[in-house]
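This report describes one protein chain for a reader who is new to structural analysis. Please keep the sequence and the structure in view while reading.

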Amino acid sequence: MRIDIITVLPEMLDGFFNCSIMSRAQKKGIAEIHIHNLRDYAYDRYRKVDDYPFGGFAGMVMKIEPIDRCISALKAERDYDEVIFTSPDGERFDQPMANSLSLAQNLIILCGHFKGIDYRIREHFITKEISIGDYVLTGGELAAAVIADAVVRIIPGVISDEQSALSDSFQDNLLAAPVYTRPAEYKGWQVPEVLLSGHEAKVKEWELQQSLERTQRLRPDLLK
Ligand code: SAH
């Protein structure tokens with residue numbers, strides 16, 4: 001999978017994608033993350049990407065031309081499954097959406113900034129608008145990182161134990177069971193006996209029961 005992220009703050013994303021599992025996914029050749037500095041597509045020598053809004057409203061608005069140039073250059077090279085805009089009024093991001101995006105070959109994620117982007121970009125270039133939650137961030141970079149991380153980590157081969165991604169919370173609409181590691185006893189606090197039993201069927205049954213109990217208690221809405 002290839003993800004192209006368009007941003008005015010590439011340095012904010014470089015570090016993130018060069019760490020841990022996101023970095024490994026790229027080294028293994030499973031995911032390609034390309035971060036594009038929108039200012040490289042500006043027309044003027046000041047590399048201006050924002051301007052005052054028509055109507056005299058407060059705040060600055062991202063201009064249409066640099067975004068058009070960048071998206072058009074990318075689309076000339078390959079077909080994209082989705083051109084995503086991160087936006088608080090978009091569709092709420094969740095695990096099913098991450099699962100379905102993880103099947104894509106090529107994605108563009110455009111990060112908004114300032115007051116937002118010229119609405120014509122949303123009307124003519126964007127195929128999907130995604131919000132990561134009901135709050136407003138200063139820019140779309142964190143949202144793009146959240147989306148790319150959730151999408152890439154479930155591509156087979158990214159996490160060494162594939163089973164481990166499938167048993168995470170929200171797959172099957174269930175929260176994950178608790179996990180423990182050594183020592184089996186710490187300050188008198190015990191790990192559940194069944195996990196030390198080596199009895200695979202009983203461990204599986206315990207895991208499912210824990211998942212059901214925790215979902216019922218913490219997120220009953222998922223069971224509906
Ligand atoms: N004026 C806009 C908010 C602008 S915030 C409004 O009221 O809807 C600046 C940018 O940050 C947005 O364009 C968007 O790209 C990003 N952003 C802010 N909150 C976000 C969220 N919850 N999910 C995804 N992107 C968000």
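In strand β6, Ile108 is the bridge partner of Val83. The model that shows this pair is predicted: local features need pLDDT of at least 70, side-chain atom pairs count only at pLDDT 80 or more, and totals for chains, interfaces and linings use all residues. Residues are numbered from 1 along each chain as its sequence is written, and side-chain values use heavy atoms, with hydrogens and water left out.

Strands here are DSSP runs of E with at least two residues, helices are DSSP runs of H or I with at least four residues, and both are numbered from the N terminus. Two strands count as paired if DSSP finds at least two bridges between them. Strands of a sheet pair through backbone hydrogen bonds, either parallel or antiparallel. The table lists the pairings described in this report.

| Strands | Sense | Bridges | Bridge pair |
|---|---|---|---|
| β5 (residues 82-92) and β6 | parallel | 4 bridges | Val83 and Ile108 |
| β3 and β4 (residues 61-62) | antiparallel | 2 bridges | Asp50 and Met62 |

How many residues of β6 (residues 106-110) are buried? The count is 5 of 5, where buried means under 20% relative accessible area, exposed means over 50%, and partly exposed lies in between (1.4 Å probe, protein chains only). Asn106, Ile108 and Leu110 lie on one side of β6, Leu107 and Ile109 lie on the other, and both faces are covered.

**The sheet of β3, β4 and β7**

An open sheet is formed by 3 strands in the order β3-β4-β7, with mixed pairing. Because β3 (50-51) and β7 (116-117) stand at the edges with a single partner strand each, one side of each has no neighbour in the sheet.

Asp118 is found in the loop between β7 and α5 (119-124). Is Asp118 buried or exposed? Asp118 has a relative accessible area of 17%, so this residue is buried. Its side chain is joined to that of Arg120 by a polar contact of 2.6 Å. A polar contact is a pair of N or O atoms within 3.5 Å; within protein, one must be able to donate a hydrogen and the other to accept it, and residues adjacent in sequence count only if both atoms are side-chain atoms. Leaving aside neighbours within four places in sequence, Asp118 is in contact (heavy atoms within 4.5 Å) with Val61, Met62 and Ile64.

**Helix α1**

Pro10, Leu13 and Phe17 are buried in helix α1 (residues 10-17). They lie on the same side of α1, because they cover an arc of only 70 degrees around the axis; the arc is that of the directions from the helix axis to the C-beta atoms. The elements that cover these buried residues include β1 (2-7), α2 (20-27), β2 (32-37) and α6 (141-153).

**The whole protein**

The secondary structure comes to 9 helices and 10 strands. The domain assignment, from an automatic or database source, gives domain 1 (2-152) and domain 2 (167-223). Taken over C-alpha atoms, the centres of domain 1 and domain 2 are separated by 37 Å. The C-alpha trace spans about 70 × 40 × 35 Å along its principal axes. Of the 224 residues, 41% count as buried. Among contacts between residues at least 6 apart in sequence, 74% join residues at least 24 apart.
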